[in-house]
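Here are my notes on this model, as numbered points. Please read them with the structure open.

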Amino acid sequence: MLPKDSHTWVPLTPQGKREPVPIIQKAEGEFIFTSEGKAYLDGIASWWTMIHGHRHPKLMAALVDQTKKLDHVMLGGLLHEEGEELSKLLLQKLDNQFAKVYFSDNGSNSVEIALKVSVHSWALRKRPTKTSFVIFSTSYHGDSLGAMNVSGSNVFNSPYNALRFPVEECIAPNCHACPWKKKPKNCSLECLEQVEDILKSKAENIAGILIEPLVFGAFGMIFYESKVLKGLRKLADKYEVYLIFDEVFTGMGRLGEFTAAQKAEVNPDLICLAKGLTGGVLALAVTLVKESIYRDFVGEDLHQAFFHAHTMTGNPLACRLGIESIRLWEEQISITQKEHPLAKELERLRDSLISWESSQKISHLRSQGGILAFEISGTDIAEDEYLLEEGRKFCRNLWDKGLFLRPLGNTIYLTPPNITSSKSFEIVSKALGESLKELQI
Ligand SMILES: *Cc1c(COP(=O)(O)O)cnc(C)c1O
């Protein structure tokens, strides 16, 4: 537990309430171990990054090997072999739909780069009024000012409303609890009507549509169907705005295919990847840009250069880990044939929890690829749901049973490391079963 006189301001943790904060001393595979010797299964893979498990031998060996060659060098005006190799590999993994890879060091930055490239590209095309974005109510794109600005409005960003620039926020699709009360089978994409209305009247002020494809992650693991993305692609083409996919969560195989874009068979104009990229070991992010947009920046005029770099952008150690992480993922996925390695295990777990849904302790039980989620106490996803206590209490009870989860309000979800064993799933299943039994609602 965090000592009373701790020197660290722990993020996302109320400072007044004395909530337990375990101190983690070591980690291995799907487990993290506290300084008091307690083991927790890392059920959300340390914010979705640790896809190969902690301290994967191949990643650790690659890191040590890389330290013998090159630690860091700035990417401004210089390039290194690891960065170039990773870029080439990423372009290949995305079926050569993109022309270039722009490095940064976290998901928020990768989104901000996509926004700036979009606005800049339209300016270079002599359409300087195209500066706003269509965004979705349940989206999350990061905590820096720009990324926060294009995220859905919620209790986390409302204190900073004065700092926000105008965007066009649409009600987000949700195929498990459709805001238009439709089922995916019989809907006519009502969720896109508002998008089209906005584009119809304001396309000359809009640079792009930004969305997390197939799953809104941080807002509550909200799933929706590929046809929404296909519809967005058509609208983006019709009204001449870019389509940007933030795959910081869904990329690196979260849904089975390398990206959600490939799963949905929709080609965005820009795509952002981060979280799972280095297997969670070091900070790295990328923004991939299509040829037609990149071409706007090719020329001798300094106004055509893209001025955005972070000091540690494209760190060679991180790039080397990125290459190894993709290789590892390729090995796994060739065995499962494009299915997420845990999809079956999570489906089984979902089926074993159905009785709790019938008894109405939980609702919207769902799984897809490497994600399982449900809401407790039948709550719907609503803005101030994050402030309710049930999810936190429920998860603390799970910790006692050896499973570390962190709720998204009342949404409880699992995204365990891909290497999580069947034996470890018994811990998960037992902990969830017991905690649901004990849950008073
Ligand atoms: C986590 C996340 C981000 C922000 O990434 P950071 O590395 O935390 O800045 C952006 N978009 C999505 C979809 C995310 O899940």
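1. Which residues of H7 are buried? In this predicted model, they are Val-228, Leu-229, Gly-231, Leu-232, Arg-233, Leu-235, Ala-236 and Tyr-239. An α-helix has 3.6 residues a turn, so residues three or four places apart point the same way.

2. E5, E7 and E10 belong to an open sheet of 7 strands with mixed pairing, in the order E4-E12-E11-E10-E7-E5-E6. The edges are held by E4 (100–104) and E6 (168–170); each has a single partner strand, so one side of each is left without a neighbour in the sheet. On average, neighbouring strands here are turned by 20° against each other, direction ignored.

3. Within the sheet, E10 and E11 (residues 270–273) run parallel and are joined by 3 bridges. Ile-244 stands opposite Leu-270 of E11. Helix H3 (residues 81–93) packs on the sheet, where it touches E4, E11 and E12 (285–289). The direction of H3 makes about 125° with that of E4.

4. The largest nonpolar core has 97 residues. Those touching the most other members are Leu-90, Phe-136, Val-195, Ile-209, Leu-353, Phe-374 and Leu-432. Domain 1 (62–333) and domain 2 (342–438) both contribute residues, so this core lies between them. Another core, of 22 residues, lies apart from it; Ala-114, Leu-115, Ile-244 and Ile-293 are among its members.

5. What does Leu-432 contact, leaving aside neighbours within four places in sequence? Its contacts are Leu-349, Leu-353, Phe-374, Phe-394, Leu-398, Leu-403 and Leu-414. In soluble globular proteins, nonpolar side chains tend to be buried together.

6. Ser-435 is in helix H14 (residues 422–438). Is Ser-435 buried or exposed? Its relative accessibility is 1%, and buried means under 20%, so Ser-435 counts as buried. Not counting residues up to four places away in sequence, Ser-435 touches Phe-394, Asn-397, Leu-398 and Lys-401. Phe-394 and Leu-398 are also among the contacts of Leu-432.

Methods
Residues numbered from 1 in each chain as written. Predicted model: local features only at pLDDT ≥ 70, side-chain atom pairs only at ≥ 80, totals over all residues. Heavy atoms only, no water. Buried < 20%, exposed > 50% of the residue type's maximum accessible area, 1.4 Å probe, protein only. Helix = DSSP H or I, 4+ residues; strand = E, 2+ residues; numbered from the N terminus. Core = buried A, V, L, I, M, F, W, Y, C linked by side-chain atoms within 4.5 Å. Domains from an automatic or database assignment. Contact = heavy atoms within 4.5 Å. Pairing = 2+ DSSP bridges. Axes fitted to C-alpha atoms, helices over the stretch in contact; angles between N-to-C directions.
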